[in-house]
Amino acid sequence: MRAVVKENAGKGAVLKEVEMPVLEEGEVLIKIKAAAICGTDQHIYNWNNWAQNNNINLPTILGHECSAEVVEVGLGVKTLKVGDYVACETHIPCGQCFQCKNGQQHICQNLKIFGVHTNGCFAEYSKIPAVCAVKIPESIHPNVGAVLEPLGTAVRANEEIQTSGKNIAVIGCGPIGLMAISTAKAFGAVNIYAVDINEYRLEIAKKLGATEIINSSVVNSAEKLKEFTHGVGVDAFIDASGNTFAILDGFKGLRKGGKVALIGLPSRPLEIELGSQVIFKEATVIGIHGRRMFETWTTMSNLLDKGLLNIDPVITHVLKLEEFDEGFDISEKGIGGKVILVP
Ligand SMILES: NC(=O)c1ccc[n+]([C@@H]2O[C@H](COP(=O)([O-])OP(=O)(O)OC[C@H]3O[C@@H](n4cnc5c(N)ncnc54)[C@H](O)[C@@H]3O)[C@@H](O)[C@H]2O)c1
Ligand SMILES: [Zn+2]
Ligand SMILES: [Zn+2]
């Protein structure tokens with residue numbers, strides 16, 4: 001089969017013929033319908049510091065976000081059959097640790113990530129533990145199915161901070177922030193203030209239903225959030241920028257008693273005045289690592305199936321698998337939303 005392989009250190013990857021995956025007990029073979037490029041793939045493609053320090057064995061097949069069809073089931077698999085339409089949950093739990101046994105397998109202590117610690121899905125076929133192949137409604141287009149994994153973090157953030165009926169800010173309008181805006185809209189947030197430094201992405205935010213867009217390279221976003229909320233501050237914010245300055249401004253624009261969901265991964269420690277920004281404010285802060293398995297998936301599927309959540313504008317490019325270099329280039333430059341690769 002054809003696959004995009006990261007062969008060795010240094011930038012780039014190659015498309016080549018590789019052996020078909022061989023199933024082990026509890027796994028399923030999947031035929032990829034569509035896959036999406038994520039920041040994590042970009043790190044591995046570029047072989048930056050993060051990639052070098054994350055126990056990634058080379059050579060490896062890139063990609064972890066995809067929709068697919070089950071074409072073979074391994075020994076012991078009873079929950080899936082050939083022909084099932086699935087999307088991949090990338091968090092591979094051990095099933096044995098404290099978290100796995102206590103309803104938090106998405107943050108398993110021995111967590112492995114599909115397409116990071118295993119061969120991934122920028123290929124014609126891949127294999128994954130059956131527990132991570134989530135059946136999805138046929139009404140969901142394969143290109144949308146391919147981005148359910150990142151969409152799930154956005155849905156989860158909205159659930160945790162209860163955006164219904166609230167004034168919220170979404171900081172960072174990359175694919176995940178944009179999907180957080182769509183979800184906030186679907187959840188019935190009253191006002192959604194989108195913050196970014198990239199005009200192109202802020203325009204997509206507007207299209208998705210953001211009430212106001214704030215270019216924080218031009219104006220002070222904390223002051224704007226206060227101004228829009230008559231001096232009170234927003235009820236909650238979701239950070240999907242991972243930028244420490246932007247996160248601090250989010251706290252400054254948050255009202256007393258407000259809630260914060262952190263998705264973005266800062267590349268350095270954040271220094272925050274806990275007294276004024278968290279303690280006296282009684283802020284609730286929650287970290288989001290992926291999706292709850294599988295409540296978030298159920299919510300997502302239901303909303304998409306009923307047409308209550310629209311993320312189509314987030315998908316800006318659909319390319320052939322062999323055009324992966326162009327896809328990585330588009331993602332890196334931040335000139336698109338989500339880039340899809342179709343094998
Ligand atoms: N927690 C998780 O489970 C999880 C999963 C996947 C990705 N992530 C992280 O989530 C974040 C978002 O992912 P993405 O794919 O949308 O990334 P992305 O890099 O495409 O988006 C980040 C956005 O933040 C904007 N930004 C940068 N500096 C800013 C600033 N000072 N103020 C406002 N906006 C600013 C950028 O212009 C960009 O649009 C990343 O940090 C990623 O590493 C977390
Ligand atoms: Zn991803
Ligand atoms: Zn575990």
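The crossing of helices α1 and α12 is left-handed, and this handedness is one of several features that can be picked out in what is a predicted model. The axes of α1, which covers residues 39–46, and α12, which covers residues 324–333, come within 10 Å and cross at roughly 110°.

**Helix pairs**

- Angles from 65 to 115 degrees count as roughly perpendicular, and α1 and α12 are therefore described as roughly perpendicular to each other.
- A second pair is formed by helix α5, made of residues 148–160, and helix α6, made of residues 175–187, which pack at an angle of about 50° with their axes 8 Å apart.
- The crossing of α5 and α6 is right-handed, whereas that of α1 and α12 is left-handed.

**Surroundings of ligand 1**

- Ligand 1 is surrounded by 21 residues, and the closest of them are Ile-176, Asp-196, Arg-201, Ile-288 and Gly-290.
- When the residues of this shell are sorted by type, nine are nonpolar, ten are polar and two are charged.
- Ile-176 approaches the ligand through its backbone, where an N or O atom lies 3.0 Å from an oxygen atom of ligand 1.
- The side chain of Asn-243 has an N or O atom that is 3.3 Å from a nitrogen atom of ligand 1.

**Features of the backbone**

- Leu-58 and Pro-59 are joined by a cis peptide bond with an omega of about 0°, and Pro-59 lies in the loop between α2 (49–52) and β4 (60–61).
- Another cis peptide bond joins Met-293 and Phe-294, with an omega of about 20°, and Phe-294 is placed in the loop between β16 (284–287) and α11 (295–305).
- Trp-47, which is not a glycine, has a positive phi near 50°, and Trp-47 is found in the loop between α1 and α2.

How values were computed: Residues are numbered from 1 along each chain as its sequence is written. Chains are lettered from A and ligands numbered from 1 in the order in which they are written. This is a predicted model: local features need pLDDT of at least 70, side-chain atom pairs count only at pLDDT 80 or more; totals for chains, interfaces and linings use all residues. Side-chain values use heavy atoms; hydrogens and water are left out. A residue is near a molecule or strand if one of its heavy atoms lies within 4 Å of it. A polar contact is a pair of N or O atoms within 3.5 Å; within protein, one must be able to donate a hydrogen and the other to accept it, and residues adjacent in sequence count only if both atoms are side-chain atoms. Ala, Val, Leu, Ile, Met, Phe, Trp, Tyr, Cys and Pro count as nonpolar, Asp, Glu, Lys and Arg as charged, and the others, Gly among them, as polar. Axes are lines fitted to C-alpha atoms, for helices over the stretch in contact, and angles run from 0 to 180 degrees between N-to-C directions. Helices (H or I, at least four residues) and strands (E, at least two) are DSSP runs, numbered from the N terminus. A crossing is left-handed if the near helix is turned anticlockwise from the far one by less than a right angle, and right-handed if clockwise. Angles under 35 degrees count as roughly parallel, over 145 as roughly antiparallel, 65 to 115 as roughly perpendicular and the rest as oblique.
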